[in-house]
Amino acid sequence: MEECNKSDIIDIMSRQESAFIYFYTPLCGTCQVAGRMLDIVEKMTGVAFAKADLNYMPDLAMELKIESVPCLLILQDGLPAEKVYAFRSVPNMLGIVQKYLGKGH
């Protein structure tokens, strides 16, 4: 996963792109497990995920109404389509990501 900052995310949204953005904080143990799950999903699907440390963008978190971490924000045409907080398992996350493949990715 490639690390992105607030301006990268705003740029993706302004260009009306579709993207998977994983929000986390470094000290969150659940985030570390979720990140490993997404690494596997990324390898299985070939889809590139972006990741962003929410500690550095609290205003963006409020604007996007991100309630907690870990959070996978799915953008479709630059707009939030879904926020996933309960990652559960690799097969669960794979199913969620596959729902959006072919819709602009």
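In which sense do E2 and strand E3 (residues 50-53) pair, and over how many bridges? E2 and E3 pair in the parallel sense, over 4 bridges. The legends below describe close-up views of a predicted model.

**View 1. The open sheet has 5 strands with mixed pairing.** The strand order is E1-E3-E2-E4-E5. Strand E1 (2-3) and E5 are the edge strands, and each of them pairs on one side only. Helix H1 (residues 6-14) packs on the sheet and touches E1, E2, E3, E4 and E5. The direction of H1 makes about 155° with that of E2. H2 also packs on the sheet, where it touches E2 and E4; the direction of H2 makes about 155° with that of E2.

**View 2. Strand E2 pairs with E3 and with E4.** The pairing of E2 with E3 is parallel, over 4 bridges. Phe23 has Ala52 of E3 as its bridge partner. The pairing of E2 with E4 is antiparallel and comprises 5 bridges. Here Ala19 has Leu75 of E4 as its bridge partner.

**View 3. Both faces of strand E4 are covered.** On one side of E4 lie Cys71, Leu73 and Leu75, and on the other lie Leu72, Ile74 and Gln76; all are buried. Because 6 of the 6 residues of E4 are buried, the strand is largely enclosed by the rest of the structure.

**View 4. E4 and E5 form a hairpin with 2 residues between the strands.** The two strands run antiparallel and are joined by 5 bridges. In E5, Lys83 is the bridge partner of Leu73. Asp77, in the hairpin, takes a positive phi near 55°.

**View 5. Helix H4 (residues 90-100) has buried residues that line one face of the helix.** The buried residues are Val90, Met93, Leu94, Ile96, Val97 and Tyr100. Seen down the axis of H4, these residues fall within an arc of 165°, so they line one face of the helix. They pack against strand E2 (19-24), helix H2 (29-45), strand E4 (71-76) and strand E5 (79-84).

**View 6. Ser89 makes a contact at the start of H4.** A side-chain oxygen of Ser89 reaches to within 3.2 Å of the backbone nitrogen of Asn92.

Methods. Residues are numbered from 1 along each chain as its sequence is written. This is a predicted model: local features need pLDDT of at least 70, side-chain atom pairs count only at pLDDT 80 or more; totals for chains, interfaces and linings use all residues. Side-chain values use heavy atoms; hydrogens and water are left out. Buried means under 20% relative accessible area, exposed over 50%, partly exposed in between (1.4 Å probe, protein chains only). The arc is that of the directions from the helix axis to the C-beta atoms. Contact means heavy atoms within 4.5 Å. A polar contact is a pair of N or O atoms within 3.5 Å; within protein, one must be able to donate a hydrogen and the other to accept it, and residues adjacent in sequence count only if both atoms are side-chain atoms. Two strands pair if DSSP finds at least two bridges between them. Axes are lines fitted to C-alpha atoms, for helices over the stretch in contact, and angles run from 0 to 180 degrees between N-to-C directions.
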